[in-house]
Amino acid sequence: MRCDFADSLLQGYFDGELSDRRATEFERHLRHCDHCVAELVDLDLLRDSLQLAQLYEPATASLRRKINAPLRASAPTTTASQLRLWHWLAAAAALLFIAILLGIVGPRLSTDDYQAELAGEIVDAYAHSLQPGPIDGIASNDERVVNGRLVRGAGFAVPVRDFSNEGFALKGGRIDVIEGRSVAVLVYERNGHPINVFIWRTRERDSPPRTGSRQSFQWIDWRKGRMEFCAVSDAHRADLEQLQKLIDPSA
Amino acid sequence: MTELGLEDRERFEQLVLPHVDAAFNLARWLLRGRMDAEDVAQEALLRACRFFRGFHGGDARAWLLQIVRNTCYTWLEKNRPLELSMEFDEELHLQTCATPETLAIVSDDHKRLTSALEMLPPRFREVLVLRELEGCSYKEIAAITSIPIGTVMSSLSRARRQLYSALTNSSQGARP
């Protein structure tokens, strides 16, 4: 028979995450709960095993080399100690990264860090989908086909509609991962520009559309009926606003 | 180039680069392989660099690991989507109840622990790796994985139980 405390307090106690008061309470409980005592012994054993097995894997030399590849030619290879050499290379690589990226990234971020990062990830995912090569997804202009596949992948009902008559042709969809969660993506085309509409479930209340741009891409984000939508494209912002009104006519 | 400024470059070096090991370790365990982990960790560092202007202090390791984690999940979704939908069959794996015999986990068995850990679903594997290998607090794990602290605790509980169970089962199976 398992004890109700085993799932929560016991873990917190074992990890030293309980407040003093809660820990004292739990110790009182331990005095007459053999189950929790036995679980604590197991947890200890497990932790010891994990520690003894030395599972931690530090960055490989080859990763460090990859990071530093462009600098290797000019780097001293025989004089400095391995450690100091690496530190130097790591620092130099960081500078190089920043130098390269500065050319790409716009200088300003939104004041809302969370939104900025979210938009960044979405724009990244969009940009990634533009790259040549296979993108796992559904290429179909059939609302039902796209819907069926997305529902299975995303785990929620996705409103899929083709707006060909209005100039936004449904091209398909895919499942992407944004901030670690699965999101459904609808792909439309507007005058040759692909538009991605990212859709995920949210607990937040409805909110009117907000727009922004990042890395020369436009985005528009809104929430409706416990779902958040974010459309991204290299098309004009007005196009995104028009598509937004088609998807959510009530706005 | 002048936009970011020397100050930001130095900040990146000082704050983010010391966590390259942590970045690789998380990627290695989420992707279950060094080769893929190298590529994804490299990409994640690149993204970290790109997002660095949005980082206004706080826990740089958690910030970097969050990016690593997201990059790993994006990679998994594209390359091994089945893995993400993998559910651990608790009924099947938790039949054995801990007895004094089954407690005899061979503690120095690197290979067996590696494969047992790799068998866990990614969501459980990551909380264990972050807690046991990276030594993150619940709060840090919650920040990295974007899940509430209560869920961190219950995921850890289930992950540990499953790992323990997998280990004791395999040690039983190994016996004559």
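In which helix of chain A does A:V41 lie? A:V41 belongs to helix α3 of chain A, residues 34-52. This is a predicted model, in which local features need pLDDT of at least 70 and side-chain atom pairs count only at pLDDT 80 or more, while totals for chains, interfaces and linings use all residues. Residues are numbered from 1 along each chain as its sequence is written, and chains are lettered from A and ligands numbered from 1 in the order in which they are written.

**View 1. A:V41 in helix α3 of chain A.** Helices (H or I, at least four residues) and strands (E, at least two) are DSSP runs numbered from the N terminus. A:V41 is exposed because 12 other C-beta atoms lie within 10 Å.

**View 2. Chain A as a whole.** Chain A has 8 helices and 7 strands. Of its 251 residues, 31% are buried. Among contacts in chain A with a separation of 6 or more, 49% are between residues 24 or more positions apart. Two residues are in contact if their C-beta atoms, placed from the backbone, lie within 7 Å.

**View 3. Strand β6 of chain A, residues 217-224, and the strands paired with it.** Strand β6(A) has 6 of its 8 residues buried, so it is largely enclosed by the rest of the structure. Two strands pair if DSSP finds at least two bridges between them. Strand β5 of chain A, residues 207-214, pairs with β6(A) in the antiparallel sense over 6 bridges. In β6(A), A:W219 stands opposite A:G212. Strand β7 of chain A, residues 227-233, also runs antiparallel to β6(A), joined by 7 bridges. Here A:I220 is opposite A:A231 of β7(A). The hairpin of β6(A) and β7(A) has 2 residues between the strands, and A:G225 in the turn has a positive phi of about 55°.

**View 4. Helices α2 (residues 20-31) and α4 (residues 60-79) of chain B.** These helices pack at an angle of about 30°, with axes 9 Å apart. Axes are lines fitted to C-alpha atoms, for helices over the stretch in contact, and angles run from 0 to 180 degrees between N-to-C directions. The angle therefore makes α2(B) roughly parallel to α4(B), a term for angles under 35 degrees. The contact includes B:L26, B:L30 and B:L31 of α2(B), and B:L65, B:V68 and B:W75 of α4(B). Its residues divide into 12 nonpolar, no polar and 2 charged. Ala, Val, Leu, Ile, Met, Phe, Trp, Tyr, Cys and Pro count as nonpolar, Asp, Glu, Lys and Arg as charged, and the others, Gly among them, as polar.

**View 5. B:W75 in helix α4 of chain B.** B:W75 counts as buried because it has 20 C-beta neighbours inside 10 Å. Leaving aside neighbours within four places in sequence, B:W75 is in contact with B:L31 and B:V40. B:L31 is 44 residues from B:W75 along the chain, with 8.7 Å between their C-alpha atoms.

**View 6. Helix α8 of chain B, residues 122-133.** Helix α8(B) is mostly covered, with 12 of its 12 residues buried. Among them are B:F124, B:R125 and B:L130. B:G135, which follows α8(B), has a positive phi near 70°.

Note on methods. Parallel < 35°, antiparallel > 145°, perpendicular 65-115°, else oblique.
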